[in-house]
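Please look over the sequence and the model below before reading on. The paragraphs that follow start at a helix and its surroundings and then turn to a sheet.

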Amino acid sequence: AVCEHLNKKLDDDKAGRAMRLRDFTLAARALSGRASAGERAEAFAKAAAPALVRCLLRDGWRTGGPGGESPEAYRLLCLGDCAESVLQLACVGDNTASILRTAGAVAALEKLKGETDGRLREAVRGAEHHLALGLIRSNSPIKSHSSKRYDVFLSHKQTDAKDFARALHTMLTLRRYKAFLDMEFDGSLDTLQEYVASSSVFAFILSENVLDSPWCVAELTAAVDSGVPVVVVKKEGSRWRDPNTGSLSLTFPGPDVLKKLPARVQQVFQIKIVEHSDVYYAPFIDKFFDRLEEAGLPPAEDPYALTTEELEGLERGGRPRLRHMLSMMDGRRQ
């Protein structure tokens, strides 16, 4: 149903409609993130690949988004969703990667290599990388680096930071960390707290309304009570109300906000936070991964480096295959 309506919205995405194209690119991204190797994932990839490629190749974005986004901003959001969908499906296994290649995903991604938007650029590079390798890594899917179920639990307020959270999830996946994104969870709060406890690091995205969310506060409390290290990432542009003036002028939650939290949770905000910046996106990402390492995770893998296993797989394919794969990678990876 998602793929059917995604195709329809690519033909007709008029402003004012109850459901827009972005609703279905987000749904496709969520389903792709939950896919695991098997017939169901392959069936979804077959249905989704043509629509995702159509979206990536789409021209003439003349309509803005339902949230007041300009046509260009709306284009970047939709394309980012689709590129991340391709990346997630490419990470499932060789069969889904083959389906994507057959549908023309490589050519569609190549068209977007010059994009400057950080989220879109990283998703395109990551998806292209995995498709170019033929997913030799498919026999060793992403696993946690420890005995815990997940390396990182990403907690955020969806109305504030869902796109930002997805971008971080893509970054983590690309570097072979197993991450849990709470927006793709449909169970109970009690079960969600179990997922927090079974994660090595808890990444809390600090945004304007996140501390007003009972779910997000419960997740944060569960992390503290379970002894899971917390990394706080403050989303750029977030503001909090000054109790003296009533204006949204504070760049960090004031004491009147923090004192509503349990005392043991308040201590989390006394540590140095990671400041998000779109202008200085690369340094922000470096700092984020440095903080994850300080919290106990092993160093992130170079997302564009070839492992010994991958090189051996390319050699088994012969020199023509090796030349073909390398020709699809940029100068840095060569």
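Just after H8, arginine 176 takes a positive phi of about 70°. The model is predicted, so to speak of local features requires pLDDT of at least 70 and side-chain atom pairs count only at pLDDT 80 or more, while totals for chains, interfaces and linings use all residues. Residues are numbered from 1 along each chain as its sequence is written, and side-chain values use heavy atoms, with hydrogens and water left out.

Helices (H or I, at least four residues) and strands (E, at least two) are DSSP runs, numbered from the N terminus. In H8, 13 of the 17 residues are buried, where buried means under 20% relative accessible area with a 1.4 Å probe and protein chains only. H8 also has a kink of about 30°, centred on phenylalanine 164; the bend at a residue is the angle between axes fitted to the seven residues ending there and the seven starting there.

H8 (158-174) takes part in a pocket lining: together with H4 (71-90) and H7 (118-132), each supplying at least two residues, H8 contributes to the second largest pocket. A pocket is an open set of points on a 1 Å grid over the protein atoms alone, where a 1.4 Å probe fits, with protein on both sides within 12 Å along at least five of seven lines; lining residues have an atom within 4 Å of a point. The volume of this pocket is about 340 Å³. Of its 15 lining residues, Leu77, Asp117, Arg119, Asp163 and Asp278 are the closest to the centre.

The sheet comes next. Five strands form an open sheet in the order S2-S1-S3-S4-S7, with parallel pairing. S2 (179-181) and S7 stand at the edges with a single partner strand each, so one side of each is left without a neighbour in the sheet. Two strands pair if DSSP finds at least two bridges between them.

Within the sheet, S4 (residues 230-234) has five of its five residues buried. Val230, Val232 and Lys234 point one way from S4, and Val231 and Val233 the other way. On one side, five bridges join S4 to S3 (residues 199-206), and phenylalanine 204 stands opposite valine 232. S4 also pairs with S7 (residues 274-275) over two bridges; here valine 233 stands opposite valine 274, and lysine 234 stands opposite glutamate 275.

Conventions. Points joined across faces, edges and corners; volume = space filled by probe spheres on them. Buried < 20%, exposed > 50% of the residue type's maximum accessible area, 1.4 Å probe, protein only.
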